[in-house]
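Have the viewer open as you read.

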Amino acid sequence: MVANDDNSTDDTRDGDDGDVPAPDESILETDDPLSVADGLRGKFEWAVILGSIPFWLVVFWYSKTQMMDRGRYATLFLGGVLILYLLIELPDTIEEKNWLETALMTVSGGIVLTGTVYLFASYQEIVNVRAGHAYDYEIALALALSLMMIYLTWRSFGVTFLAVVLGGIGYGFAGPYLAGTLSHGGLTIERTLRILAISGDGFYGFLTQLVAAWIALFLLYAGLLKAYGAFDLILRIAVRSAKYIDSGIAQTAVLASAIIGSVNGSQTANAGMTGSFTIPLMKKSGVKPETAGGIEAVASTSGQVLPPVMGAGAFIMASLITGITYGDVIVAGLIPAVILVVSIFIAVHYVAAPQIDNPSMTGLFDDALSRQDVFLESIKYGVPLLLLVYQLGIVQVTVMTAALQTAVAMIVLGLLIPLVDAALEGDSLGATLLHTLKQTLEGFRQGVIVVAPIAIILAAINGIVDILMATGVPTAISLTLMDLSGGVPLIAFFLAMVICILLGLGMPTTASYTVVALLIAPTLINQFLIPDLAAHYFVFYAAILAGLTPPIATCVAVATGIAGGDFWRTCIEAIKISAPLFVLPFVFVYHPAVVSGEFSAAALSAGAIALLGAIAIIHGINYRFTFARGATFGLRVVFAVAGIVAMVHPEQMIQLGALALVLVLYGVQTTLGQSEPTGAVSGAGRGGQP
């Protein structure tokens, strides 16, 4: 399966000898970027490669011209993605001789082709001329398409998400049999099928159109980065940090996973991809499996909220909030990102530095890049990113235009820079060009591999959301939340956070955020008068916590599978490291200036206080005190509680009082007791204070 996050494991567990494995070829550039298997699998891989070329050319064409109704284009886009996804998956079922699944996937391919051709050709008549009415054979086609989508979502994301899809459809039928605020008049089978597949909404609706027009190009950009070897450079830069800080080997995981995860769009997939390299690396240096897994899980999760891509969630947020641009969303996310990054950096240093035996990371990447290579690689990867930021933040072109320019710039520089390097080194230009062309085709293939499961799950989510909207469930949730909380904001916010975590289980960033943005954010905005950006950031941050929150904790489960540790202890380590992340959503609703998109005095002061509070929480939970057990427990509790109060209390004087208490406690701690070794920066001594 491409991305079954519920059951993901990795075969790269290091053995008992603890040797550092070679960097995983799924992360680093290989000698042959377009190596395909032999036999039947090789034929399917070539079919994917050749199919990805016209697919991405159509995406480029539409982004440049927009000479088609977006809904009609989304129909063509989703059909192409599903066909390529089936070509990716079929070799596995054939080699396993799983003839039932092979038959199901073959039938699914026929349904996709039939449905795509018919809906694309008849789009105007179905959506505009006969809106609300469908022929019997169209209902039959809608049923086939719906069953096919249910099957593919199960195949991609497992039983957990299958339950969400079936539950959403079932709720549409069960309304008349429910009591209280969740009851509704019910939907007929015909109306449900029209909503799902043949109305221009449902599977082909808003979210699919967003993926087709915006998100796909950014995921292609991520695929090109991987094919051109950007991850190798990121890891090299991260490894260099080990020369300056004892926890550098663990910070490597944080930096690499955060950067890659920002454009990856799935915290669990990112944990599997970068974790297959970083977790064995940390274990080799002495870090416990549970700690290594927890660090990787938190790093992969934090990447989902880092600008400028934010796991592709930023694009959906910009499209959901009226009057808000993509640039506004990114600027609003900068202060929370700083709070998150700094607090995680400190937490990782606290937990990892005492365990690391080889802080200098000798033996890794001994083939240092020359200054010429560093300069050329910086141009190759830096210019497209700077172009993206410049076009969106300063020129303020549309997201589609910026995405197109970024992807094209990456392709041009990915082809050009190696030729420049070859000319300077006297290498063969022909061989270099052939190699980079292979990398480009591999980037196209990787782009399809990344975009396919996200397109599938967002199409399914779009269908379920449209059904729920037809039943009026957002209003029901709003009334239920108000009733359970008794109108008390703190209780309502806590319940909303719990719901967001539950709804976000097992889904990529874009899917989980979309669900909670449409179902939970309106309640915060309408019932509690929370500003739009603050409400959406609340549910955005809360939804990604599903990957870290037991008993499901999909991101932790993937990291545990690679590390070979205990799942529950890894969950505890992840929660300890990411503790401020569970508090940050409340900062947004009690101090909305933090995510206002303005760097005003109120925003900066609220952000600074929240950062200090986050550090206090991290210090209380993760610092290694050497007092008696009772005193240590008391200090941890007071530090953590004071930090929480400093972060979220609506009165600034009380926040400052909590920080004053933290300073007093820190003074007492340093005066009366010495800590156990926690590592040191830049050779200050292994037993020093961090």
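Glu138 is buried, with a relative accessible area of 1%; here buried means under 20% relative accessible area, exposed means over 50%, and partly exposed lies in between (1.4 Å probe, protein chains only). The side chain of Glu138 meets that of Arg130 in a salt bridge, at 2.6 Å from N to O. Arg130 also counts as buried, at 10% relative accessibility. A salt bridge is taken as a side-chain nitrogen of Lys or Arg within 4 Å of a carboxyl oxygen of Asp or Glu.

Before going further, a word on the basis of all this: the model is predicted, local features need pLDDT of at least 70, side-chain atom pairs count only at pLDDT 80 or more, and totals for chains, interfaces and linings use all residues. Residues are numbered from 1 along each chain as its sequence is written, and side-chain values use heavy atoms, leaving out hydrogens and water.

How many salt bridges does a search of the whole structure find? The search finds nine. Side chains of opposite charge can pair when their charged atoms come close. Three of these pairs are set out here.

| Salt bridge | N to O distance | Relative accessibility |
|---|---|---|
| Arg41 and Asp92 | 2.6 Å | Arg41 21%, Asp92 23% |
| Arg130 and Glu138 | 2.6 Å | Arg130 10%, Glu138 1% |
| Arg445 and Glu442 | 3.0 Å | Arg445 18%, Glu442 9% |

Take the pair of Arg41 and Asp92, joined by a salt bridge. This pair links distant parts of the chain, with Arg41 in helix α1 (residues 39-65) and Asp92 in helix α2 (residues 70-95), 51 residues apart. Helices are DSSP runs (H or I, at least four residues), numbered from the N terminus. Arg41 counts as partly exposed, and so does Asp92.

Arg445 and Glu442, by contrast, both lie in helix α17 (residues 429-471), three residues apart, or about one turn of the helix. Arg445 is buried, as is Glu442. Elsewhere, salt bridges that share partners join Arg41, Asp92 and Glu95 into one network.

Now for the nonpolar interior. A nonpolar core is a set of buried Ala, Val, Leu, Ile, Met, Phe, Trp, Tyr and Cys residues joined through side-chain atoms within 4.5 Å. Which members of the largest core touch the most other members? They are Phe77, Ile295 and Tyr537, out of 214 residues in that core. Leaving aside neighbours within four places in sequence, Tyr537 is in contact (heavy atoms within 4.5 Å) with residues including Met310, Met317, Phe588 and Val595.

Met317 brings us to helix α12 (residues 313-320), where Met317 is among the buried residues, together with Gly313, Ala314, Phe315, Ile316 and Ala318. Six of the eight residues of α12 are buried, so this helix is largely enclosed by the rest of the structure. The buried residues of α12 pack against α7 (206-228), α13 (326-332), α16, α20 (509-519) and α22 (532-544).

Helix α16 (residues 399-425) also holds Val408, which counts as partly exposed at 35% relative accessibility. Val408 forms a nonpolar surface patch with Val412, Leu416, Val420 and Leu424, with about 390 Å² of accessible area together.

Finally, the cysteines. With a disulfide defined as a pair of cysteine sulfur atoms within 2.5 Å, the count comes to zero. Cys500 is buried at 0% relative accessible area, and Cys571 is buried at 1%.

Definitions and conventions: Helices (H or I, at least four residues) and strands (E, at least two) are DSSP runs, numbered from the N terminus. Patches are made of residues with over 30% relative accessible area and no salt bridge: like charges are joined within 9 Å, nonpolar side chains (Val, Leu, Ile, Met, Phe, Trp, Tyr) within 5 Å. Accessible areas come from the Shrake-Rupley method with a 1.4 Å probe; for residues, only the protein chains shown count as cover.
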